[in-house]
Amino acid sequence: SNQRLALSLNAQAKRFTDDGDSINDDATQFDQDFVGGRAEWSRDRDGLHEIALGADFGYLELDGEHYYTYFGGDAEWRKQVNAETRTLFTIGVRDMQFENDQYDNLMSRIRGGVRYRASRTWLLSGDVAVEYESEKNERPGGDAIRASLTGAATWQFRPAQRLSGDLNYAR
């Protein structure tokens with residue numbers, strides 16, 4: 001069996017300008033700074049079946065002030081159906097801690113997906129997920145449930161370069 005440990009760290013900054021000529025002039029309150037990370041251990045059991053355990057964290061500031069922090073974990077089962085197709089099933093939890101404690105929640109998630117390699121340069125994927133937010137501090141609206149459908153396409157036009165696009169629907 002093959003084992004692998006993957007670590008990732010990402011950061012993002014979004015800035016809006018107020019030049020007086022844009023419909024986004026009032027959006028300066030939406031300036032965002034985000035940092036997040038993930039660790040994932042995976043084990044290929046037999047070349048067809050793989051299991052993975054992951055943990056992640058994130059920290060978001062809006063206009064330079066803390067908005068939320070999260071910590072989470074998940075478990076995933078992956079199956080290589082054939083040379084082109086891989087399926088996956090994921091369960092996970094995430095503890096969301098907002099600056100305004102009233103919005104704190106524990107999010108549970110279940111997801112199913114498929115990854116299809118259409119050619120050497122094209123990868124298509126689709127996911128269906130359901131998330132349940134269990135409120136902690138009597139937030140307005142109480143608990144929440146959300147379902148989502150995601151589709152994505154990636155074109156790897158050079159060995160180290162790719163272009164991706166996705167479409168999401170959530171309700």
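I began with Glu-50, which counts as buried because its relative accessibility is 8%, under the 20% limit. The model I am reading is a predicted one.

**Entry 1. Partners of Glu-50**

I looked up which side chains pair with Glu-50. Arg-78 forms a salt bridge with Glu-50, with 3.3 Å between the closest N and O atoms. I noted the places: Arg-78 is in strand S4 (residues 65-80) and Glu-50 in strand S3 (residues 49-62), so this pair links distant parts of the chain, 28 residues apart. I found Arg-78 buried, as Glu-50 is.

Arg-86 also meets Glu-50 in a salt bridge, at 3.2 Å from N to O. Arg-86 lies in strand S5 (residues 85-98) and Glu-50 in strand S3, so the pair ties together parts that are 36 residues apart in sequence. Arg-86 is partly exposed, its relative accessible area being 28%.

**Entry 2. Glu-133 and Arg-146**

I then went to Glu-133, which forms a salt bridge with Arg-146; the closest N and O atoms are 3.2 Å apart. Because Glu-133 lies in strand S7 (residues 122-135) and Arg-146 in strand S8 (residues 144-158), the pair ties together parts 13 residues apart in sequence.

**Entry 3. The network**

I searched the whole structure and got 16 salt bridges. Salt bridges with shared partners join Arg-38, Glu-40, Glu-50, Asp-74, Glu-76, Arg-78, Arg-86, Arg-111, Arg-115 and Asp-127 into one network. For the charge count, I have 21 positive and 29 negative side chains in the protein chain, with the centres of the two sets 14 Å apart.

**Entry 4. Val-128**

I placed Val-128 in strand S7. Leaving out residues up to four places away in sequence, Val-128 touches Ile-110, Arg-111, Gly-112, Ser-148 and Leu-149. One of these, Arg-111, belongs to the salt-bridge network. I also checked Val-128 against Leu-62: they are 66 residues apart in sequence, and their C-alpha atoms are 30 Å apart in space.

**Entry 5. Surface patches**

Asp-63, Glu-65, Glu-99 and Asp-101 gather in a surface patch of negative charge. Asp-101 sits in the loop between S5 and strand S6 (105-117), and at 46% relative accessibility it counts as partly exposed.

The nonpolar surface patch comes to about 640 Å² and is made by Trp-77, Phe-89, Ile-91, Ile-110, Val-130, Tyr-132 and Ile-145. Which strands each supply at least two of its residues? I found S5 and S7. Val-130 is in strand S7 and counts as partly exposed at 36% relative accessibility. Ile-110, another member of this patch, is among the residues that Val-128 touches.

**Entry 6. The chain as a whole**

I counted nine strands and zero helices in the protein chain. The C-alpha atoms fill a box of roughly 55 × 40 × 30 Å along the principal axes. The accessible surface comes to about 11600 Å², and 54% of it belongs to carbon and sulfur atoms.

Methods:
Residues are numbered from 1 along each chain as its sequence is written. This is a predicted model: local features need pLDDT of at least 70, side-chain atom pairs count only at pLDDT 80 or more; totals for chains, interfaces and linings use all residues. Side-chain values use heavy atoms; hydrogens and water are left out. A salt bridge is a side-chain nitrogen of Lys or Arg within 4 Å of a carboxyl oxygen of Asp or Glu. Helices (H or I, at least four residues) and strands (E, at least two) are DSSP runs, numbered from the N terminus. Buried means under 20% relative accessible area, exposed over 50%, partly exposed in between (1.4 Å probe, protein chains only). Contact means heavy atoms within 4.5 Å. Patches are made of residues with over 30% relative accessible area and no salt bridge: like charges are joined within 9 Å, nonpolar side chains (Val, Leu, Ile, Met, Phe, Trp, Tyr) within 5 Å. Accessible areas come from the Shrake-Rupley method with a 1.4 Å probe; for residues, only the protein chains shown count as cover. Lys and Arg count as positive and Asp and Glu as negative; His and the chain ends are not counted. The place of a charge is taken as NZ of Lys, CZ of Arg, CG of Asp or CD of Glu.
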